[in-house]
Amino acid sequence: MAKDRIVLLDALRGLAILGILLCNIPLVFAPEIVAESIPFWPHGQAPASLAVWWVTQVFFQQKFYTLFGLLFGASILLVGGEGGDRDRTVMIVKRLLALLAIGLFHGFVIWQGDVLWTYASVGLIALLVRGWSARRLLTAGILIHLGINGWQFWRITRRAAQFITPPPPQAIAHIQKEAQAQTTAFTGDFATSLAQTGHNYWEFVSSSWAGFPRWPVIVLGLMLMGMGLFKSGLLKGEASRGAYKTLVAVGLSAQALVAAVMTLFLVVPSHPGGLGGLAHWMQSVTAPVVSLGYLGLIVLAADAKVWRTIPALLAPVGQMAFTNYIFESLVMTTLAFGGRGPVLYGKLDRPALAAIVIATWAFQILASRWWLKRFSMGPLEWLWRLAYRGPTPLRRKPA
């Protein structure tokens, strides 16, 4: 049973890592200020491009980093326990500090969209309350989530008049100027693209905790919910099948609401910013519910003869989640940025980006399975463990 529960967590982690790639790839191949836009997307509004945008926004965007945040909270308990064991506490602190350092390297040198630094720093805070009961952790996480989204909804209602108002000329000029500056930098030589990556990442890191730290607080809420769900048994596959069926039903219902608003935003010719803001707010507020719906689907699939292959394929990817996450960044930036490869930045429409994603998914699924038949963990997992636990055998012993 214990092994089955670990496989379930690995399958969910694999699903999250693969899903995050489709959300991240437009941010690597186009200026972030236009990467998720419809009217300002540099390749126009061809039906295939809009279809990829809609699928990404409805089924992927915000769902998988949310799922990863929940799982990260569970991993804190798996490694560090609930706080009564000093050795495990020292180990989880060293593990998170090592991840923080790796995240900073990833963000400054490889890709500015790194989230490892945030997860590591917030994880150090979450450690302080890991001894709370499941109910208390869930309550705190849900309140944080609803509080952040309530504040965001209040901001949206203050700009209600913008629902039908196009952006002013000065805003359009700013977007175009920023997009051109980013394109020039990322299509330059290696030093230029590297400098822009470091500059953008420093802006992200320094602004994350400046003023009201909205993004770290969101992550904290997810981690607390993940800890509570793990302690309650839901993330371990220990709840009743009826409970997981309920999660699927509620998650799909929430997703249907998001799909309706996203579709409305898509079909309104002017694509008003206010309506887009409402659609993305609905994405955010429903993300944990939809993510738990995906959890329910994976649990039910594992019990079904026809579908159990899906979690079986995802589990090796999740067992090597760290390696696969960095690998995705290397693939994207090598293809996109100047001085690293073919310099495809700004040249590919969404269908082409989706094709790269699908090819990468196939490779990761096959490569992860191949690697773990020969080795006990991923290569970066081994290096990470070396930093906080010491030398660990990597190659599997012959049967």
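What share of the contacts in the protein with a separation of 6 or more comes from residues 24 or more positions apart? Such residues account for 78% of these contacts, where contact means heavy atoms within 4.5 Å.

## Basis of the model

This is a predicted model, in which local features need pLDDT of at least 70 and side-chain atom pairs count only at pLDDT 80 or more, while totals for chains, interfaces and linings use all residues. Residues are numbered from 1 along each chain as its sequence is written, and side-chain values use heavy atoms, with hydrogens and water left out.

## Overall fold

The protein has 15 helices and zero strands, with helices (H or I, at least four residues) and strands (E, at least two) taken as DSSP runs numbered from the N terminus. Its radius of gyration, taken over C-alpha atoms, is 21 Å, close to the 21 Å that the globule rule gives for 399 residues, so the protein is as compact as a globular protein of that length; the rule is 2.2 Å times the number of residues to the power 0.38.

## Burial and nonpolar cores

Of the 399 residues, 51% count as buried, meaning under 20% relative accessible area with a 1.4 Å probe, protein chains only. A nonpolar core is a set of buried Ala, Val, Leu, Ile, Met, Phe, Trp, Tyr and Cys residues joined through side-chain atoms within 4.5 Å. The largest has 92 residues, among which Phe 29, Phe 72, Met 223, Leu 235 and Leu 295 touch the most other members; helix H1 (residues 2-29) supplies the largest share, 16 residues.

Leaving aside neighbours within four places in sequence, Leu 235 has contacts that include Leu 8, Leu 71, Phe 230 and Leu 295. A second, separate core of 15 residues includes Ile 38, Val 58, Ala 259 and Leu 275.

How values were computed. Buried means under 20% relative accessible area, exposed over 50%, partly exposed in between (1.4 Å probe, protein chains only).
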